[in-house]
Amino acid sequence: MKNNILEITHLSKNYQDNDGEIEAIKDINLKISEGEFVVIVGPSGCGKSTLLSILANLDKKSGGDLKYNKKEIKVGYMLQNDSLFPWLNILDNCLLGLKIKGKVKEKDKEYVLKLLDMYGLNEFKNKFPNSLSGGMRQRVALIRTLATKPDILLLDEPFSALDAMTRVMLADDVYKMVKDLGKTAIMVTHDIGEAVSIASKVVVLTERPCVVKKVYDINYDNRSTPFNNRKEKEFNYYYEKIWRDLDVKL
């Protein structure tokens with residue numbers, strides 16, 4: 001049994017606006033194990049991205065506790081848009097996070113070059129972002145996030161700006177990267193199929209102020225890539241369960 005890398009206990013978040021206080025997150029309790037690929041789904045505006053921002057230390061919690069399994073935990077955060085700098089080549093974009101931290105050593109550069117080679121981007125390392133497709137740009141953004149060697153990878157709807165076919169293909173790439181490197185990932189998405197195909201655990205949130213409504217351990221008899229998982233009998237079972245939990249209105 002794997003150890004918990006993160007325990008979220010009674011997490012809450014309140015905002016203040018002109019009309020008073022808004023309760024965004026009411027009471028989140030969740031345990032994340034090392035090596036898990038956790039996907040969070042919930043109604044629009046329920047607080048999914050707010051939760052990721054708190055975990056990334058970009059937003060402050062109002063209450064509750066975040067307990068990590070070590071003091072110096074590294075968290076990598078990948079946004080919806082690739083946010084690549086057009087005046088930097090692909091290699092320099094991938095090294096940007098390390099440069100900001102002032103830690104670009106030769107071994108770090110070698111690690112990034114290895115990632116670019118592993119995921120089919122080595123021949124593009126000296127090219128600029130405008131020469132890459134949307135899916136390739138997202139792979140570059142992921143490598144940039146992985147370059148700092150985070151313990152936990154946070155993914156905020158990383159496929160949302162892509163067409164349907166590219167989304168499915170990139171989900172395979174992201175899943176392979178995360179598993180190859182043994183990372184723990186927490187992803188937010190609106191897409192139930194995406195969640196069920198890629199996750200080892202799906203967390204369903206309620207409407208705002210959100211709490212955890214249900215947690216599903218996603219088990220396939222023949223677990224494979226996200227693309228192939230969509231063909232398995234268990235895919236439809238979990239899809240329908242989560243659809244009902246979300247009470248999706250057509």
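## Helix packing

In this predicted model, helix H2 passes helix H4 in a right-handed crossing. The two helices, H2 spanning residues 90-101 and H4 spanning residues 134-146, pack at an angle of about 40°, and their axes lie 7 Å apart.

On the H2 side the contact is made by Ile90, Asn93, Cys94 and Leu96, while H4 contributes Val140, Ile143 and Arg144. Sorted by class, the contact of H2 with H4 has 5 nonpolar residues, 1 polar residue and 1 charged residue.

## Strand pairing

Strand E1 (residues 4-17) runs antiparallel to strand E2 (residues 20-33), to which it is joined by 10 bridges, and the two form a hairpin with 2 residues between them. Within this pairing, Ile8 stands opposite Leu30 in E2.

E1 is also joined by 5 bridges to strand E4 (residues 63-68), again in an antiparallel arrangement, and here Glu7 stands opposite Lys67 in E4.

## The largest pocket

The largest pocket holds about 1,000 Å³ of space. It is lined by 34 residues, of which Val75, Gly76, Tyr77, Lys101 and Thr148 are the closest to its centre. Two or more lining residues come from each of helix H1 (48-55), E4, strand E5 (75-78), H2, helix H3 (106-118) and H4.

H2 provides the largest share of this lining, with 5 residues. By class, the lining of the largest pocket comprises 17 nonpolar, 6 polar and 11 charged residues.

How values were computed
Residues numbered from 1 in each chain as written. Predicted model: local features only at pLDDT ≥ 70, side-chain atom pairs only at ≥ 80, totals over all residues. Heavy atoms only, no water. Axes fitted to C-alpha atoms, helices over the stretch in contact; angles between N-to-C directions. Helix = DSSP H or I, 4+ residues; strand = E, 2+ residues; numbered from the N terminus. Left-handed = near helix turned anticlockwise from the far one by under 90°. Contact = heavy atoms within 4.5 Å. Nonpolar A, V, L, I, M, F, W, Y, C, P; charged D, E, K, R; others polar. Pairing = 2+ DSSP bridges. 1 Å grid on protein atoms, 1.4 Å probe; cavity = no way out; pocket = protein on both sides within 12 Å on 5 of 7 lines; lining within 4 Å. Points joined across faces, edges and corners; volume = space filled by probe spheres on them.
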